[in-house]
Structure formats: structure tokens, C-alpha cells
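This report describes one protein chain. Please look at the sequence and the model before reading on.

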Amino acid sequence: MGDTPDARAIEAPRPNGEFQVTVFPDRIRIGVRADETIVDALRRQGYRSRYKCRRGGCGACRAVLVDGTVAYRTPVSETVVDGPDREPGQQKCLPCRAFPQSDVIIELGERDRLVDVLAGLGRSRERTT
């Protein structure tokens, strides 16, 4: 994880140019366009997640990167990405700045949950999970 992902780990996006991102524990699967971060894709599809600065400086959105590869188009601090509670062998990411380079699975922290804004408006969506 970093500015330049391992070239072997980069997958070609689907024909529509999207990668799939699955967000645990809610098991929400969304499509993420090549030009958007995970947080941007969540917002576009009616979800809200915890974040603050959206610059990768606060770590409020930090999530465990369970599977897949992400890249950061502007540098982010590894200290902020890893956070104070990183376990050995565990990778983390900052969804507010992370651009998927493959299909990705992330797990939000215990205090973090997705909020389905459209459900609150009485609108339904077609879920992909």
C-alpha cells in the first residue's frame, strides 16, 4: 500500500471501469469508478461513513484492508494509515483517499457503521450483495 501499488496486484477494472468494494461488517458491495475514492463512491450510492478531513490527515475513516489493493494519488502518512492499533500482518487504508486498484474488501472499525441515507428517505436500492 502506498503511492505506487505493486504492479502484479493491479487488476483490470470491469468493462464499465469500476472495481467492486465490499464493506464489512454490513456486507455492502458497491461499484467504485476509476476517478473516485471509496468514500466518494459510498456517498454517490447513498451511504455515509465516518470521516473528517478527507485529506488523509486525521485517520477518522481508517479501515482494515482485508483484501485487494488501493492507491493514493497524493501522499498520505503511513503513520496515519496504520494508526495506533495495527496488528502484525494487518493492512489498513484510508477510504477517503483510497482509489481501488482491484476489487477490495474493507472492514470498518467497531465504532464505524455505514448509514443508508436512501433508506431513511423511504427509497430502496438494488443491492448487489
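Helices (H or I, at least four residues) and strands (E, at least two) are DSSP runs, numbered from the N terminus. The model is predicted, so local features need pLDDT of at least 70 and side-chain atom pairs count only at pLDDT 80 or more, while totals for chains, interfaces and linings use all residues. Residues are numbered from 1 along each chain as its sequence is written, and side-chain values use heavy atoms, with hydrogens and water left out.

Five strands form an open sheet in the order 2-1-8-4-6, with mixed pairing. Two strands pair if DSSP finds at least two bridges between them. Strand 2 (28–33) and strand 6 (92–93) are the edge strands, each pairing on one side only. Strand 6 runs antiparallel to strand 4 (residues 63–67), and 2 bridges join them. Here Ala63 stands opposite Cys93.

**The core.** A nonpolar core is a set of buried Ala, Val, Leu, Ile, Met, Phe, Trp, Tyr and Cys residues joined through side-chain atoms within 4.5 Å. Buried means under 20% relative accessible area, exposed over 50%, and partly exposed in between (1.4 Å probe, protein chains only). The largest nonpolar core has 26 residues, of which Ile30, Val70, Tyr72 and Ile106 touch the most other members. Helix 1 (38–44) is among the elements that each supply at least two residues of this core, and the largest share, 4 residues, comes from helix 1. Beyond four places in sequence, the residues in contact with Ile106 (contact means heavy atoms within 4.5 Å) include Ala63, Val64 and Cys93.

Arg44 lies in helix 1, and its contacts beyond four places in sequence are Glu18, Gly31, Val32, Arg33 and Glu36. The other two arginines in the table lie in loops, Arg27 between strand 1 (18–24) and strand 2, and Arg54 between strand 3 (47–48) and strand 4.

| Residue | Relative accessibility | Class |
|---|---|---|
| Arg27 | 54% | exposed |
| Arg44 | 34% | partly exposed |
| Arg54 | 27% | partly exposed |

**Backbone.** Most residues other than glycine have a negative phi, and most peptide bonds are trans. Arg27 has a positive phi near 60°, and Arg54 has a positive phi of about 60°. In the loop that holds Arg27, Pro25 is also found. The peptide bond from Phe24 to Pro25 is cis, with omega near 5°.
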